[in-house]
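Thanks for coming, everyone. Let me put the model on the screen and walk you through it.

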Amino acid sequence: MNFDFPDELKQLRDEARRFLSERCPTSVPRRILEGGEPYDRELWRSMAEMGWTGAAIPEEYGGAGLGHLAVCVLAEELGHAVAPVPFSSSVYLATEAIKLFGSDAQKQQYLPKLAAGELVGTFAMAERPGPADPRKLIAHVANGHLSGTKLAVPDGDVANFAVVAVHGGNAPWLHLVDLGGSGVTRATVTTIDPTRSHARIVFDGAAAEPLPGSEGAESVRRLLDCAAVMLAFEQVGCAQAALEMARDYARERYAFGRPIGSFQAIKHKLADVYIAVELARSNAYYGAWALHSDAAELPIAASVARISACDAGWLASKENIQTHGGMGFTWQMDCQFYYRRAKLHALALGGTREWKQRLIAELRTRNTIALPTD
Amino acid sequence: MNFDFPDELKQLRDEARRFLSERCPTSVPRRILEGGEPYDRELWRSMAEMGWTGAAIPEEYGGAGLGHLAVCVLAEELGHAVAPVPFSSSVYLATEAIKLFGSDAQKQQYLPKLAAGELVGTFAMAERPGPADPRKLIAHVANGHLSGTKLAVPDGDVANFAVVAVHGGNAPWLHLVDLGGSGVTRATVTTIDPTRSHARIVFDGAAAEPLPGSEGAESVRRLLDCAAVMLAFEQVGCAQAALEMARDYARERYAFGRPIGSFQAIKHKLADVYIAVELARSNAYYGAWALHSDAAELPIAASVARISACDAGWLASKENIQTHGGMGFTWQMDCQFYYRRAKLHALALGGTREWKQRLIAELRTRNTIALPTD
Amino acid sequence: MDFEDSAEEAAFRAEARAFLEANAERRKPGAVEGYRRGQDAPGAMERAKSFQRRKADAGFVGIHWPKEWGGRGGTQIQNVIYNQEEAQFDVLSGIFGIGIHLAMPTICVCGTPEQRDRFVPPAMRADEVWCQLFSEPSGGSDLAALRTRAERDGDGWVINGQKIWNSGAHYSDFGILVARSDANVPKHAGLTFFILDMKSPGVEVRPIRQLSGSAHFNEVFFTNVRIPDNMRIGPVGGGWRVALTTLMNERHGMRDSPGPDFQELFTLANQLELEDGLAIDNAAVQEKLADFYVRSQGLKYTKYRGMTALSRGGTPGPESSIIKVVAANKLQEILSYGLDLIGMAGPTMGEDMPVAGIFEEALLYSPALRIAGGTDEIMRNIIAERVLGLPQDVRVDKDVPFRDVPTGSRG
Amino acid sequence: MDFEDSAEEAAFRAEARAFLEANAERRKPGAVEGYRRGQDAPGAMERAKSFQRRKADAGFVGIHWPKEWGGRGGTQIQNVIYNQEEAQFDVLSGIFGIGIHLAMPTICVCGTPEQRDRFVPPAMRADEVWCQLFSEPSGGSDLAALRTRAERDGDGWVINGQKIWNSGAHYSDFGILVARSDANVPKHAGLTFFILDMKSPGVEVRPIRQLSGSAHFNEVFFTNVRIPDNMRIGPVGGGWRVALTTLMNERHGMRDSPGPDFQELFTLANQLELEDGLAIDNAAVQEKLADFYVRSQGLKYTKYRGMTALSRGGTPGPESSIIKVVAANKLQEILSYGLDLIGMAGPTMGEDMPVAGIFEEALLYSPALRIAGGTDEIMRNIIAERVLGLPQDVRVDKDVPFRDVPTGSRG
């Protein structure tokens, strides 16, 4: 039994935490929230220099070749710091899509630049309110030109290129599009979390290059599964940070002559948050194992990790505000960062209802695997 | 705005509470739980003498003619006392079925005896685990003879006759069967609540008399709706009693040198129970209004009342045990009566999942009515 | 048992409706009720004042106040009926709520006849607007722990300190203020209640920006602000009892939460396409809808029970104390579920989102509703202690001089 | 990162499995795990004792105990591996758990070498069976508030009082007992820890019948029961520290709840016909199933994290403290939902009900699992104080002599 991260990755996590606590205190997301910049370019550059953006990219393509587990520990720390960078779009989605379905030429072309942080990629899928069901996509490609409208594309206004999901029929379902090219119109949109920029993108016959391996709607689901595991760690980190903020305030804030943390209403509230966060962490570990070992049950593990992480993030971030009382919903307090980000994450790859439905469908097809035993 | 019971019925409620607190303390359900009797015959007789069994039976048929609202206030008190009597089977179901669908001759024959408590009736529907869906019934009637097996019939071992639900096709769906007659085999079954006796009944060509008005599966649903409202009051009374028991114990029991009721863990737990009970009470009032005024939205009101009452009963009865700690799950304590009865009620007319599904279906057909406004 | 007006109630309702039809515009049907969307509109204050004047002249301000206060001498239920009718019109009476519902009743009950006759008439006609100066950063749920000092100085008082969670200080003429006149006695005993002229020198108002971006509250700072003694309400050191009179009138209990409710979720479910058909056809969505509907109905009929008591000249029962905590939490659950259904496209703000973007908007303001006007935790304490009669928590701050009560690094 | 055994672990697992195959019967696949169904079967004790003897002789009792205790000198993870394997067989080691997991470690750590050598060997081979005498009616969650008196009398002690929630007093040879030797000091300071010969005169055992009808617990009464002083563990007045050693070993944290879990609900959903097809095809049922699955998996992998720590020679992290409270509540929710699906036919007890009637059976015993071994409320206090480091609640019973601590009419 070795259900834990190897020591070298724990060291990586400690380094990441030290770096981010110094380089990305909450004043950084606050600057993005209030200022004009879409993300912290400086921070992004340093992350790239440290090899974070290429952590899971093989060395032959200019990456660190540390594998998915390394991305998971970095994701947890970036979530803890609510870092305003396009890491999830570029690393969990764009990079992953090319690794999974790209030709060697495409890997040669994109991965080294992604590893170096010179290119920022993203993933464009949603076309209307409702589930992220690839079979319902309207966007399409006709002889190399992609048309369709994509909503709330994370980092859509700053990314250099996008992996765009289309209804591919018997052809590939994922295509690379240069967002600077012609036939692409992007409009920045305001979201519930302005610390991460989003755009509405209209593709009108934009030049598109297929990812040859991405055949069938399953390939889109596969990409979402991989991203869901890595994002789950970011969500757990974010929830953990909200819990720590609430705990610290409950220790220091007095009411009725005693610390509010000595009242069971607060103690048991935060105990319940701790429970949710630890369940989510354990389930994220399960996802990491499945992703790392390329297990057949990845769709199950990814669903479990995502559902659990979404629940923990929502509970931890809203009860952090509640624990702070009136100050909790002021602009000046940092509670808002976790609350906004937690909900953004919970919507990013589709809501939990979709994932629960899919989880049961997957369990029914292979229910001998991974049923809770003890 | 007059959303309350008339004063004369409030007097009836007070009389009922006084009578039951004296005549039906918890030693009475305990006697039934431990002893051999299926129910408290003495208590039943006195209830009949006071006219409770005939409260909603028109005077022309020997009843008190007080209408459904009277049954509702009595039901609440009987639930509060967890009274071990066949009131719900005989009054909410058997009597109601004959009133709704019986011929005048049938009313003449049955209602006076039901009012006098000389006859005990019940309702037999469930044939297998799963929803109480009349369209799925297998029991059937062929030239006056009924065949089929009914599970967990409340008071099935003591009732004189049963209103039996069958798949009636174009003929009536509800039939009267003399449970003492030939072709009827009943076996007492143990349930989660032995203070209310149940039986498995096999009908093998038993003489059956149709209730002429009960045409179509709708008539069965209609009967369930009417019963659900009256049962909701019994459930609210039961939940209220569990809350009062927990509150009293929390005031008197000391731990760590103070009453456990001074700990927020207990205070907020019981506050949440109070909230659930009051929401259920308000929704039961809504059901009573719809039943009393024969409103078109009865199916909606009955569903809302039932779902709310089931939730309140479960929460109140399980947290009453929790509040009592170790003593709470001992045989000697009375907590068990509310816990057993609450779950029995929650299953009696079908589980909440069924009712929620039905509620939304009803709202969709007539969603202009009764959507929450303010 | 019925939901009908009595003959008198019906007559009054007709009168109220006639006044409103003549003086205000009906809300568009199906218009989504955002959070204070109206109050932030340009020119709102002017329109609000001119309507308030006509409302007062028509006798619909202070409906249930005794005549000697300048009220109509009507009943509580008439008040409820008027509010039901007004709720269907596009007016902003809420801006004057603090003056009409909190300040004036307090002044009438605890103040002198002179104070009453001076302040009530202009408040009714919105010639003078009022705000409340109770909460402090150090206080929070522990309201009586306030620290703003009131020191005797000749024929008056000098105020120093800070208030928070104030609504409308920037447009108010007067405020009701509680301050500590003696820190050497236990906390409830050392308070005194004043009327403050908001134009007094030394009063500084700073808006507090909320998570949602809007600023509906202020911090108010006092630097040697003078208040003449004739602006004191009730005895020196008797401020807590006066403040309780105000808080009674606040009646948190009956307050509901604005924003997406069952109807908005139902509308959304009828619009959204899921994997296999409309959301409203999905059993999982139906079950959630049913849960929310049952709770919404429970609140609605709990209010009806309270209104019935009013209609009989009584006061609402203890069940009204559940409304705020249930409504605020239901709101947060509904909007979270609505966003979950909208899914990947959900984070976008804007009225072109499903159901006019109410789910996204509510996400940002809803946390305040579980806190303002009594946190969930305080509401549950109130239910447990006042309704169920459970004993108080251990109180370490009760019988000690206020200056000796422990305070933490976060005040 | 993997779930595999190390080479040593695999070898040990093979050895354990070989022993079990030779000495016990495998559980039938899909057999529903009721609550202590096995222990109540006729002849259970004899079978349990004979297996325990073989288990001890084969070196699988006290696997991780040091050799000088008479243990195998193995590792914690070997202990876990053996238990995983044993769990697949139809054996009843649980009956001896109090002696092996609680009493012996306490005696070895806090007792004298003589006491250890006298009691450990027979306990390991089940020649002597042990029970625990800690809880009292007046104590409940406030364990240290116990009142059973221990008075000095010459070379020994005289015990008077009452214990409750005892398992196995009627078949036990010895019990570990905590009693109050001094009521004039604060409650934790006045306790002393003893070994009691259950056959001593003055010991009376009365079974407590539970809500479920079965009686797995006893009350034990002491009337002038004599205990020689050499049966005392630890110093006079040092009983609380000794008791804590015992409680540590209880490791509530890692304990799961027996009864219906996701698998049983999944099985039910695959059997039940709803209005429109199988329950498993209903989206509302699927959503509930998913919620339970996610929680069950979360518990499973939280245990794996703890086992990984053990496998590295460490101790499980704080996350293990969540297991009991989550498992007990999940059980109650699952059985309630299962019954709801079974519906009108649901109240009937019996193995011919769906999934062998486990939902109906669990309804009656499940409340105990949220209370026994630490109530939900105590477990949350532990998480809040020991894991999150939140301050203790106000303690009015801490620095006063025990006899002066307020007690209510309900003890």
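B:Val120 is buried, because 26 other C-beta atoms lie within 10 Å. Buried here means 20 or more other C-beta atoms within 10 Å of a residue's own, exposed means 12 or fewer, and partly exposed is in between, with C-beta atoms placed from the backbone. B:Val120 sits in the loop between α6 (104-115) and β1 (121-124) of chain B. Helices (H or I, at least four residues) and strands (E, at least two) are DSSP runs, numbered from the N terminus. Beyond four places in sequence, B:Val120 contacts B:Pro86, B:Ser90, B:Asp155, B:Val158, B:Ala159 and B:Asn160. Contact means C-beta atoms, placed from the backbone, within 7 Å. B:Glu42 is 78 residues away along the chain, and its C-alpha atom is 14 Å from that of B:Val120.

Two housekeeping points. This is a predicted model, where local features need pLDDT of at least 70 and side-chain atom pairs count only at pLDDT 80 or more, while totals for chains, interfaces and linings use all residues. Residues are numbered from 1 along each chain as its sequence is written, and chains are lettered from A and ligands numbered from 1 in the order in which they are written.

Next, the core. A nonpolar core is a set of buried Ala, Val, Leu, Ile, Met, Phe, Trp, Tyr and Cys residues joined through C-beta atoms within 7 Å. The largest one has 531 residues. Which of them touch the most other members? A:Val164, A:Val177, A:Leu270, B:Val164, B:Val177 and B:Leu270. Take B:Val164: outside four places in sequence, its contacts include B:Ala124, B:Leu146, B:His175 and B:Phe203.

Now chain D, strand β4 (residues 174-180). Seven of its seven residues are buried, so the strand is largely enclosed by the rest of the structure. D:Phe174, D:Ile176, D:Val178 and D:Arg180 point one way, and D:Gly175, D:Leu177 and D:Ala179 point the other. In a regular strand, side chains alternate between the two faces of the sheet. Strands pair if DSSP finds at least two bridges between them. β4(D) pairs with β1 (residues 130-133) in the parallel sense, over four bridges. There, D:Cys131 has D:Gly175 as its bridge partner. With β5 (residues 191-197), β4(D) pairs in the antiparallel sense over seven bridges. D:Arg180 stands opposite D:Leu191 of β5(D).

On to helix α11 of chain C, residues 376-387. At 1.5 Å a residue, its 12 residues should span 16 Å, and the end C-alpha atoms are 15 Å apart, which agrees. The expected span is 1.5 Å times one less than the number of residues. Its buried residues include C:Asp376, C:Ile378 and C:Ala384. Among the elements covering them are α8 (264-292) and α9 (298-324) of chain A. Just after the helix, C:Gly389 takes a positive phi of about 70 degrees.

Last, chains C and D. Seven residues of chain C contact seven of chain D. A rotation of 180 degrees, with 0.0 Å of shift along its axis, superposes C on D at RMSD 0.0 Å. In chain C, the C-alpha nearest the axis belongs to C:Ala284, 1.8 Å from it. The same surface serves both copies, since 100% of the contact residues of chain C recur in chain D.

Terms used: Contact = placed C-beta atoms within 7 Å. Least-squares fit on C-alpha atoms with pLDDT ≥ 70 in both.
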